[in-house]
Amino acid sequence: PSEPFFVPKGDRKAVFDVPNNDFLVERFRPVADELGTRFGEDTQVRVPVRNISFPDLSFVMELGRRDNFSLFIPRHREMGSRLIDIFMGMRTFDDFLAVSVYARDRVNPYLFVYALSVAILHRPDTKGLQLPPLTEIFPEKYVDGGLFERAREESSILSEGARVPIEIPLDYTATDLEEEHRVAYFREDLGINLHHWHWHLVYPFSANRTIVEKDRRGELFYYMHQQIVARYNFERLCNRLGRVKRLLNFRDPIEEGYFPKLDTLVASRNWASRHSGAKLSDISREVDQLRFDLQDLDRWRDRIIEAIHLGRVINNRGENVDLTETGGIDILGNMVEASIISINQNLYGDFHNFGHVAIALAHDPDHRHLETFSVMGDPATAMRDPVFYRWHATIDDLFQMHKRTLPRYTPAQLDYQGIRISNIEITTTGAGKNELRTFWQQNDIDLSRGMDFAPRGSVFARFTQLAHAPFQYKITVENSGNERRMGTVRIFMAPKFDERGLPMLFRDQRLLFIELDKFQVTLNNSRSNTITRDSSKSSITIPFERTFRDLEARPTNQGELAAFNYCGCGWPEHMLVPKGSQEGFIAQLFVMVSNIADDRVDGSAPGQGTCSESSSFCGIRDKRYPDKRSMGFPFDRMPRTGVETLQQFLTPNMAVTDVRIVFNNRVQAPRAVSNTI
Ligand code: CUO
């Protein structure tokens, strides 16, 4: 990155005063003054850097400056953990700053930004420090590679005020000849990919245990990715595509090809493509010190499945540990992923991560072509590739296998005695009752932080995304008890019909329910409590500004500071509602008010605290997950015997209504651009 990572965008003209002889890499020493002048022009802020004795970075520097970095490759992962440890181990902020500046000029930039981001998210003294969006640091992970030449052209010929945004067409990676391309707008959405990257920063699977061991992280790995697959399937049904197929046989050719058309600016390479019909192979790459066979994946999966069916796993000491009704899923999540807190990595391996690796290296499994991994090897880019969803459908299937072994929820567990929902509806301004509206929206992002060019200043890329009109839920609830009572409102939506246009079986539909919102309410003891709630308040989303912009406004008090950076994690608000269809896609809206006694967690509640907007997907920093129920409740388990349809599943504290999602193929011009231009 050409901009100093630490300096907020408002104060862009800043340089680091590095002590003594340690200015940039030694090779550039002869031109140091010249460089200092060029980058120091108009300097307003000088950041002094302490002279400290620097830690040994030799292991971390074994990854070349111009190589790509993958969290999924164990050796890279170890380097990441080492660097995170170094950053976390600095006793004061000044020491941390000094070592960061020192590392920045030596370490591979992808590795550096990853480790620095994790450290900033977890150090107590950097809680208020903002992470710039990754789209700005490494725009090449998000936009068509051809764009950068044009951006350079624009910037070198025109002054900042005269530059116009460079438009990225919606369809640039494929055509409709490829069926899968119909859902490219979802896979390639910048906000979705930023969310996924940020989620993995907040929940790294490899680092110091104190960072990794967060409340219910294994379960959240399951739930957040289950919801991604559910949302993708919902989106597919809107586009007349069938639900995504699991990747069951690792020797079968993979039908879905993907040509990302992304460059790596650092490595000066294209991200590798995968042709349709590509096959996976055993991996043997000296360069990555990586060797494993597809049979290892088979073996790990067999052992995981055996453990699920036995209802217990074997830990590192050879002892049996039961997969219990509430805690089993957390053990499985960490074990399947696998995170360093896997209960037994020798036995259950590294199934999910090595699946990413095998797919990411399908084009050069033994490094004979000197190629590196493809988009599946990086959480910042993986969701672009159709195979991501096939892989995560496979992973989710393991979790569902476990969920199918659990006792079904009884009506008593689902119901909330004395609470009855009498009506639910959705209102969208300018639309009929229970109608949702979607359309295309253009937006601009600044590429300049991630590019080193002169003259400097902003250069914008204009991209097109799905969006929806804001809407409101109105829920009428009766409380027949004598007292006020609290409850948790849980709102989900799923397609009503399957691929053939037939009403969905509940046992299939429950896996397609996507969470829209979750919040606590107090109900008066009256016939009708009316609850209204804006869609923008959703428990899974963060606002557009949060996803894409540096936040200019600094938080004002300690409490806000504490939670500030969790803000970057969250489903982008513009992708809350699936696309629907022009004729109107019929979905079912589900609302439930559950009994607070079974929901409440001491000291933590959904959406409470600053920057806890996306608490359902991201949790809340330094707090327990704010909902005691199993994640995905009430749809996470098989329905009780006799329940074949959604209607039969309902208890009085639940309600369902049909909604239509109407898509309009018009493109809305960009909203007001950020105040950073
Ligand atoms: Cu998020 Cu596979 O875990 O990418």
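## Exercises on a disulfide, aromatic rings and a loop residue

With -80° about the S-S bond, the link between Cys569 and Cys618 is left-handed. The model is predicted. Work through the exercises below.

**Exercise 1.** Decide which cysteines form a disulfide, and what parts the link ties together.

*Solution.* 
- Start with the count: the structure holds 1 disulfide.
- Check the distance. The sulfur atoms of Cys569 and Cys618 are 2.1 Å apart. The cut-off is 2.5 Å, so this pair counts as a disulfide.
- Cys569 is in the loop between helix H19 (558–563) and strand S18 (571–572), and Cys618 is in helix H20 (residues 615–618), so the link joins parts 49 residues apart in sequence.

**Exercise 2.** Are Cys569, Cys618 and Cys238 buried or exposed?

*Solution.* 
- Recall the cut-off: buried means under 20% relative accessible area.
- Cys569 has a relative accessible area of 1%, so Cys569 is buried.
- Cys618 is also at 1%, and therefore counts as buried.
- Cys238 is at 8% relative accessibility, so Cys238 counts as buried.

**Exercise 3.** Classify the aromatic pair of Trp271 and Phe373, then locate its two rings.

*Solution.* 
- Two values are needed. A pair of aromatic rings is described by the distance of the centres and the angle of the planes.
- The count comes to 38 aromatic pairs. One of them joins Trp271 and Phe373, at 6.0 Å centre to centre with 70° between the planes.
- Planes over 60 degrees apart count as edge-to-face, so this pair is edge-to-face.
- Trp271 sits in the loop between strand S5 (269–270) and strand S6 (283–285), and Phe373 in the loop between helix H14 (351–360) and helix H15 (386–404), so the pair ties together parts 102 residues apart in sequence.
- Both Trp271 and Phe373 are buried.

**Exercise 4.** Where does Ser58 lie, and how far is Ser58 from Arg106 in sequence and in space?

*Solution.* 
- Ser58 is in the loop between strand S2 (45–48) and helix H2 (74–89).
- Its relative accessibility is 45%, so Ser58 counts as partly exposed.
- Ser58 and Arg106 are 48 residues apart in sequence. In space, they are 9.7 Å apart, C-alpha to C-alpha.

Key
Residues are numbered from 1 along each chain as its sequence is written. This is a predicted model: local features need pLDDT of at least 70, side-chain atom pairs count only at pLDDT 80 or more; totals for chains, interfaces and linings use all residues. Side-chain values use heavy atoms; hydrogens and water are left out. Helices (H or I, at least four residues) and strands (E, at least two) are DSSP runs, numbered from the N terminus. Buried means under 20% relative accessible area, exposed over 50%, partly exposed in between (1.4 Å probe, protein chains only). Rings of Phe, Tyr and Trp (its six-membered ring) pair if their centres lie within 6.5 Å; planes under 30 degrees apart count as stacked, over 60 as edge-to-face and the rest as tilted.
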